[in-house]
Amino acid sequence: YGCVYFAKNMLAVKGDSFKGKTVVISGSGNVAQYACEKATQLGAKVLTMSDSSGYIYDKDGIDVAKLAYIMEIKNVNRGRISEYLDKYSSATFHEGERPWSINCDIAMPCATQNEIDQSDAQTLIENGCIAVSDGANMPTTLKGIQCFQEAKILIAPSKAANAGGVAISGLEMSQNSARITWKEAELQKLLFDIMENIHSECEKYGRESKDYVNYVKGANIAGFIKVADAMLAYGVV
């Protein structure tokens with residue numbers, strides 16, 4: 001959920017939201033599945049998911065029921081994403097391809113490293129994409145990031161946007177140490193607050209003008225300052 005929450009905060013800075021937006025997601029593992037779920041809950045229409053064999057495109061959107069079928073295919077049967085068409089024949093499967101040619105408002109690469117290159121980034125920009133939130137580890141190449149920055153597209157770097165997994169691990173450790181449990185709603189609130197704080201730090205150090213925040217720069221500077229402050233606090237320097 002973390003990469004969706006970060007994107008939600010980026011859009012809010014622009015006075016916008018997920019509601020009514022089209023979203024293209026790569027991958028079909030844990031990150032992609034729950035990014036799809038949360039984006040749908042926030043009012044978006046998710047059009048694609050993928051695996052190493054290719055991607056599916058469902059123009060009607062991958063709703064909760066369809067996502068449950070994908071989870072059955074991937075988590076239970078260990079099958080291929082193309083099996084989605086066995087039940088939802090109106091969708092299409094694009095063998096050996098990535099979904100970045102599909103028109104969308106928001107792109108969420110949640111599969112693997114370097115899956116959006118310069119050409120993919122340019123295609124997304126030309127097709128009207130307004131925001132990219134990295135769910136995988138470094139899914140956008142350096143030249144791809146530079147394309148987004150030059151076009152002033154909102155780009156949430158993976159070091160910030162996919163911090164949700166580590167954050168939840170930290171919360172689990174806190175639960176274990178304190179011998180307490182949280183209800184789902186409490187846990188979601190804690191995660192959202194963490195991602196909101198990460199976004200705020202990135203915005204603080206990445207704002208370059210009234211209308212543009214360079215989140216890549218902001219995440220780097222925020223990270224450096226956090227380490228430096230810790231070094232000073234512990235007397236290392």
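Predicted model: local features only at pLDDT ≥ 70, side-chain atom pairs only at ≥ 80, totals over all residues.
How many residues does H3 have, and how far does H3 reach from its first C-alpha to its last? The helix has 13 residues and reaches 17 Å between those two atoms, close to the 18 Å expected at 1.5 Å a residue, where the expected span of a helix is 1.5 Å times one less than its number of residues. Helices (H or I, at least four residues) and strands (E, at least two) are DSSP runs, numbered from the N terminus. Residues are numbered from 1 along each chain as its sequence is written, and side-chain values use heavy atoms, with hydrogens and water left out.

The chain as a whole contains 10 helices and 7 strands. For its 237 residues, a compact globule would have a radius of gyration near 18 Å, and the value for the chain, 18 Å, agrees with this; the radius is taken over C-alpha atoms, and the globule rule is 2.2 Å times the number of residues to the power 0.38. Taken along the principal axes, the C-alpha atoms fill a box of roughly 60 × 50 × 30 Å. Of the 237 residues, 45% count as buried, a term that stands for under 20% relative accessible area, with exposed meaning over 50% and partly exposed lying in between (1.4 Å probe, protein chains only). The chain exposes about 11900 Å², of which carbon and sulfur atoms supply 52%; accessible areas come from the Shrake-Rupley method with a 1.4 Å probe, and for residues only the protein chains shown count as cover. Among contacts between residues at least 6 apart in sequence, 60% join residues at least 24 apart, a contact being defined by heavy atoms within 4.5 Å.

The buried residues of H3 are Lys 66, Leu 67, Tyr 69, Ile 70, Met 71, Ile 73 and Lys 74. What covers these residues includes helix H2 (30-41), strand E2 (45-51), strand E3 (54-57) and H4. Within helix H2 is found Gln 33, which counts as buried because its relative accessibility is 0%. When neighbours within four places in sequence are left aside, Gln 33 is in contact with Ser 28, Met 49, Leu 67, Met 71, Lys 74 and Asn 75; of these partners, Leu 67, Met 71 and Lys 74 are among the buried residues of H3.

In the loop between helix H3 (64-76) and helix H4 (84-87) lies Arg 78, a residue other than glycine whose phi is positive, near 55°. Arg 78 counts as exposed because its relative accessible area is 66%. A positive phi near 55° is also found at Asn 114, which is placed in the loop between strand E5 (106-109) and helix H5 (118-126) and is partly exposed, with a relative accessible area of 40%. Most residues other than glycine have a negative phi.

H1 is followed by Gly 15, whose phi is positive, near 75°.

Several residues of helix H9 (residues 184-206) can be described in turn, including Phe 192. Not counting residues up to four places away in sequence, Phe 192 touches Tyr 5, Lys 8 and Asn 9, whereas its C-alpha atom and that of Met 71, 121 residues apart along the chain, are separated by 24 Å. Gln 188, also found in helix H9, is buried, with a relative accessible area of 16%, and, with residues up to four places away in sequence not counted, Gln 188 touches Tyr 1, Tyr 5 and Lys 38. Asn 197 likewise has its place in helix H9 but counts as partly exposed, at 48% relative accessibility. The C-alpha atoms of Asn 197 and Asn 9 are separated by 9.8 Å, although the two residues are 188 residues apart along the chain.
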